[in-house]
Each structure stands twice: as C-alpha cells, then as structure tokens.
Amino acid sequence: MKGLVPMPSKERDAGSERERCLTGIQGLDHILNGGIPRGNTVLVSGSVGTGKTSICIEFLVRGALQGENSLYLSVTEPTDKLLRNVIPFDFWDDKLLKQGKLQFVDLPKLYEKLGIDKDELSLEESRLLTDTLLGLVEEGKVRRLVLDSATSVAYRIKEQERIRDFLLRLGLKLSPKRCTSLLVAENPPHADGYSRFGLEEAIADGVVVLGNLERRGDLLRTLQVVKMRGTQHSRAKYVLDLTTCGVLLVPLLKGGSVSGGA
C-alpha cells in the first residue's frame, strides 16, 4: 500500500548489516552479537560502585589502541583525580594521551570558558553546550565519546523538555559523524527505572544496566543489556568483574541470591 514503510526481510538485513563498534570488552561484544552498532548512543545506568566509569574508560582505551580517537567528558570529578583512581589496566598506554588519541575534558572548565555560570542552563545555553561538544568531536575526529555523567548535566538543565532537547540533539548529531557514545546515568539502588529523569532511556539507542547483587554474603556486580537498537542481543544478566586485564563477564547462575540492586 502506498505510504507504508516495507517491513525488513532477512535478505535485506543480511545485505545491510550495520557497521559495529567493538567495545573491546570481549564478553560485552559477545552479548551484543559483534559490538555496538556504529553511531549509537548508549545509556550506561547504575548506582554507585557498579563499575560504570571503569567500563566507559576501557571502552575508550580499547578504541584508542585500535586507532579511534576517544574523548572522555568528566562532569563531577577532575581528570587528574579520575586518572589516579582508575583501575591500572595492563593495556593502558600513556602514549595515547600524548598522541591525543585519548583525551579528557573537564566539563566545569568548559562551562567557565563558555561563560555559563548560572545554576540552571537556559535552552540557549544547553544548545551552546551541545554545539561546543560537537565541535570538539569534529575537530578531534572523535569516534568514541563518554559523558560522565549525563545525569549531572541534566541536573543543571533541570527542565524536562530542555533535557530532552539536549539529549536528542546530541544523539542525532553524533550519529552521522559515526561517533559511538556512552552516556552515564547515575541511579539510586533499587530504582524502578533506568535514569533520574525517566526520559534518557527512551531517547538512547541502547541501555546497559549495571547493578549490585548480594549473594551468600558477597556483593556481586552485574550487567544486563536491556535495549540496543540495530542488533540482536542477549538480555540475560551477567556477573561483572573489574580486573587489571579489563572487564570480565560470566553468566549469572540462578539461585542463592539474597537481594538485587538492579
């Protein structure tokens, strides 16, 4: 019928397989059937201590090691403090910083540079921030970006419609530049949704949920991919281990849990 969009077929899908952005985290790439579809914006949601920052940094470092320029936008923690506290990955290479393959930018300094000094960002200021971030991506030919955290930026924007505008514009403009992005969402333990404002997960192309699970006296970290546009993926929950070799994931065996945090 005229005006209807044809349904995808297996043959068409096979011929139009989307390019993937390998995270470099073997278990996660396996869950995602080959990595994140290139250009997707992914919400990484979890409470404190669940491994959000470690996963994001490994995503950037692995990309930089493969020649992809990577950018970390830090909102709540200065870069020098962040790097002192990050896991000493075996694959970390200081040359990546010197070569500019891996860059860290403190967002508070960017606010200052842009003259944004009010507690609440207006629509014009949030759009100025978006355009400035896109300028950094274009200038640095950035292919991987992390915003840690999107929640902190949203707190300064405050108004739901302006938060939606900021996230939509950011995602829509990053995707054509083939820049795959992770947006960190800080969530309280045992929260029902995946973000503080309840709209970030609807706008993002993907949602990866990190949590804590108490089992027989131990507090396990867990990971679950809830949503990822453009690829089939497992929705099973995995146990996450942070090691100097990187993030390790193993399937969560059922039974014996006491309480869950995700």
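Predicted model: local features only at pLDDT ≥ 70, side-chain atom pairs only at ≥ 80, totals over all residues.
Which backbone nitrogen does the side chain of Thr-23 reach? Residues are numbered from 1 along each chain as its sequence is written, and side-chain values use heavy atoms, with hydrogens and water left out.

**View 1. Thr-23 and its neighbours.** The side chain of Thr-23 reaches the backbone nitrogen of Ile-25 at 3.0 Å. Thr-23 lies in the loop between strand S1 (20-21) and helix H2 (26-31); helices (H or I, at least four residues) and strands (E, at least two) are DSSP runs, numbered from the N terminus. With 1% relative accessibility, Thr-23 counts as buried (under 20% relative accessible area; exposed is over 50%, partly exposed in between; 1.4 Å probe, protein chains only). Leaving aside residues up to four places away in sequence, Thr-23 touches Leu-28, Asp-29, Ile-36, Glu-58, Phe-59, Arg-62 and Arg-144 (contact means heavy atoms within 4.5 Å).

View 2. Phe-89 is buried at 6% relative accessible area, and Phe-91 is buried at 13%. Look also for the charged end of Arg-62, which sits over the ring of Phe-91, 3.7 Å from its centre (NZ of Lys or CZ of Arg within 6 Å of the ring centre and within 35 degrees of the ring normal).

**View 3. Tyr-155 meets Phe-197.** Here the ring centres of Tyr-155 and Phe-197 are 5.4 Å apart and the planes are at 70°, so the pair is edge-to-face. The pair links distant parts of the chain, 42 residues apart: Tyr-155 is in helix H8, and Phe-197 is in the loop between S7 and helix H10 (200-203). Tyr-155 is partly exposed at 40% relative accessibility, while Phe-197 is buried at 17% relative accessible area.

**View 4. Helix H8 and its cover.** Helix H8 (residues 150-157) is mostly covered, with 6 of its 8 residues buried. Among them are Val-153 and Ile-157. The cover includes helix H7 (123-140) and strand S6 (142-148). After H8 comes Lys-158, with a positive phi near 70°.

Note on methods:
Polar contact = N/O pair within 3.5 Å; in protein donor to acceptor, adjacent residues only side chain to side chain. Phe/Tyr/Trp six-rings, centres within 6.5 Å; stacked < 30°, edge-to-face > 60°.
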